[in-house]
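Please consider the structure shown below.

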Amino acid sequence: MKIVYVLISNENDTYYEQTIISVMSLRKVMPEAEVILLVDNDTFDTFKGKRTMPENLKVNVIAVNVPAEYNSKDRSRYLKTTMRSNVTGDFLYIDGDTVICESMEDIDRNMIIGCVLDKHYMLDNNPSGRGIIKRANQCGFHSDYEGKHFNGGFMWVKDDKRSYEFFNLWYDLWKLARDKGVTQDQASLNEANYRFNGLIQEMDGTWNCQISNRTGALQYLYNARMIHYFASYGNRGVPYDLADREILKSVFDDEPDHRLLEILDTPKAGFKSVCTIGNDLADADLLESNTFLYIKKLYLKHKRIFKLIEKGCHCLNALDRKLKK
């Protein structure tokens, strides 16, 4: 199987470390997979010293010419939306902030393009739905096809005429979205799917188990093929230890962080020692709200004031119960 990663990176970020860790986990379960890494020339020039691509990972690095006017984020999106033209044959695309848990050799190779629902929800129930719809409207796009909005962090892509046409459209739509201030590639991905009348086939959530406080990932974790931990969120809303920059950076150390080694051995046990699990979408909304973040900041910086507010809330709850009686 051919596995494709995209990387734009320099010494100041952790994208290289994320990708290396993902490939390390991949090699544990798919040692014979052909791994292709698409980079720009600037990223390729940083592959020296500690950033030299480890030979034992057997990664085929391909440097692609990218428009000079693009910034780092745009370069990454450019490589991703044009990767079909730079890779021959069928392939599986995987984001760098992932850990591979199980072999993916048994994937359905008859699909033209396969993806998993974003956050494992239909759009109507997606806690991020308002932002998704807002970005789509900003570009004049449709946010979904028949209620499905797909995550672009995992994609099966068949060597088929329609997949080439799909990627050409995706790239054109991404350029249009970029001109309107939406630099992410997911809005354009889902608009392309709409225009192709739902070419993307929905895959089971185990293939791209998306970990954050706002996903339905828990039901897929036990059988997860891949964990997608959204490193760009940092520690906010990501109860997975690889979201920690220091743990990521330790991959270059003579003695890497013990949590990194443990996660590579047992990826499904990579969660923080304390995790908050919401019961419903209301919990998810509250945990990501500015109100919750402010209360948390108040708790951390001014615990005495927080305790007074907590006592006040307790009194209000008690009063409410009495009034109901």
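Strand β1 (residues 2–7) and strand β4 run parallel and are joined by two bridges; strands count as paired if DSSP finds at least two bridges between them. Strands (E, at least two residues) and helices (H or I, at least four) are DSSP runs, numbered from the N terminus. The model is predicted, so that local features need pLDDT of at least 70 and side-chain atom pairs pLDDT 80 or more, while totals for chains, interfaces and linings use all residues. Residues are numbered from 1 along each chain as its sequence is written, and side-chain values use heavy atoms, without hydrogens and water.

Opposite Leu 92 of β4 stands Ile 3. Strand β7 (residues 150–157) runs antiparallel to β4, with four bridges between them, and Trp 156 in β7 is the bridge partner of Leu 92. From β4 (residues 91–94), Leu 92 and Ile 94 point one way and Phe 91 and Tyr 93 the other, all of them buried, that is, under 20% relative accessible area, where over 50% is exposed and the range in between partly exposed (1.4 Å probe, protein chains only).

Helix α1 (residues 15–29) packs against helix α9 (residues 258–265) at about 40 degrees, the axes being 9 Å apart. The contact (heavy atoms within 4.5 Å) involves Ile 21, Met 24, Ser 25 and Lys 28 of α1 and Leu 260, Leu 264 and Asp 265 of α9.

Two non-glycine residues have positive phi: Lys 58, about 50 degrees, and His 120, about 75 degrees. Lys 58, between α2 (41–45) and β3 (59–64), is partly exposed at 46%. His 120, between β6 (113–117) and α4 (129–139), is buried at 9%.

Methods: Axes fitted to C-alpha atoms, helices over the stretch in contact; angles between N-to-C directions.
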